[in-house]
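Welcome! Here is a short tour of a structure that may be new to you. Take a look at the sequence and the model, then read on.

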Amino acid sequence: MDMLRKDELEAFRHIYNQYWKKLYSEAYKRLKDTDLAEEAVQDVFANFWLKRHQINITSTIGGYLNNSLTYLVIDLYRKESVRQKYAERFKTGHTEIDNTTEHEIAYRELTYNIDSQINLLPEKCRSVFELSRKQYKTNKEISAQLSISEKTVENHLTNAIKRLRHGLSHYLVILVVLVLK
């Protein structure tokens, strides 16, 4: 340790080469992941080098490094546990509840406004539109039922769609947002 405190890199290399495999083996037993185990051992040696002037080892260097690894692994598990709890809370809080409620409210509002706009159409135009869009009748069937020409049916539908598009234009943004979510 005296050589380490004098910043002798060769002393650090000797310790590194002597304990790296033992520490890696311990880390892998606890973490079950090669990358995490390597990273943990690297962190132990990095901290060992950085704190070499403050370290006061009362037992052996191997014991000190092993205890450092133990605390580091415990800290990794603690951080992972906290990260998973936040991830679950975020997932539950932001995707299931919020989106469902938002979508339901937006859907009801949009449906209400579409019905309101349809009710504002002139009577004949509204009848043609409802037969076409709600009862799924063809233009020929509508013309026969209402005793009007097919061209008149087409004109009523075109007018109805223009009026609805104009009346509901501010809801286009909501539809785009809902579709993109």
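## Helix α7

V153, H156, L157, A160, L164 and G167 are buried in α7, where buried means under 20% relative accessible area, exposed over 50% and partly exposed in between, using a 1.4 Å probe and protein chains only. They sit on the same side of α7, because they cover an arc of only 100 degrees around the axis; the arc is that of the directions from the helix axis to the C-beta atoms. Keep in mind that this is a predicted model, in which local features need pLDDT of at least 70 and side-chain atom pairs count only at pLDDT 80 or more, while totals for chains, interfaces and linings use all residues. Residues are numbered from 1 along each chain as its sequence is written, and side-chain values use heavy atoms, with hydrogens and water left out.

**More on α7**
- K151, K162, R165 and H166 are exposed on the other side of α7.
- Helices (H or I, at least four residues) are DSSP runs, numbered from the N terminus.

**Helix α3**
- A37, A40, V41, V44, F45 and F48 are the buried residues listed for α3.
- These residues lie on the same side of α3, because their arc around the axis is only 130 degrees.
- The face turned away from the buried side of α3 carries the exposed residues D35 and L50.
- D33 caps the N-terminal end of α3, with a side-chain oxygen 2.9 Å from the backbone nitrogen of D35.

**Nonpolar cores**
- The largest nonpolar core has 21 residues, and I15, L23, F45, F48, L65 and L69 have the most contacts inside it; such a core is a set of buried Ala, Val, Leu, Ile, Met, Phe, Trp, Tyr and Cys residues joined through side-chain atoms within 4.5 Å.
- At least two residues of this core come from each of α2 (9–31), α3 and α4 (61–119).
- The largest share of this core, eight residues, is supplied by α2.
- Apart from it lies another core, of 12 residues, among them C125, F129, L157 and L164.

**S143 in helix α6**
- S143 is part of helix α6 (residues 139–146).
- S143 counts as buried, because its relative accessibility is 10%.
- Leaving aside neighbours within four places in sequence, S143 is in contact (heavy atoms within 4.5 Å) with I148, S149, E150 and V153.

Note on methods: A polar contact is a pair of N or O atoms within 3.5 Å; within protein, one must be able to donate a hydrogen and the other to accept it, and residues adjacent in sequence count only if both atoms are side-chain atoms.
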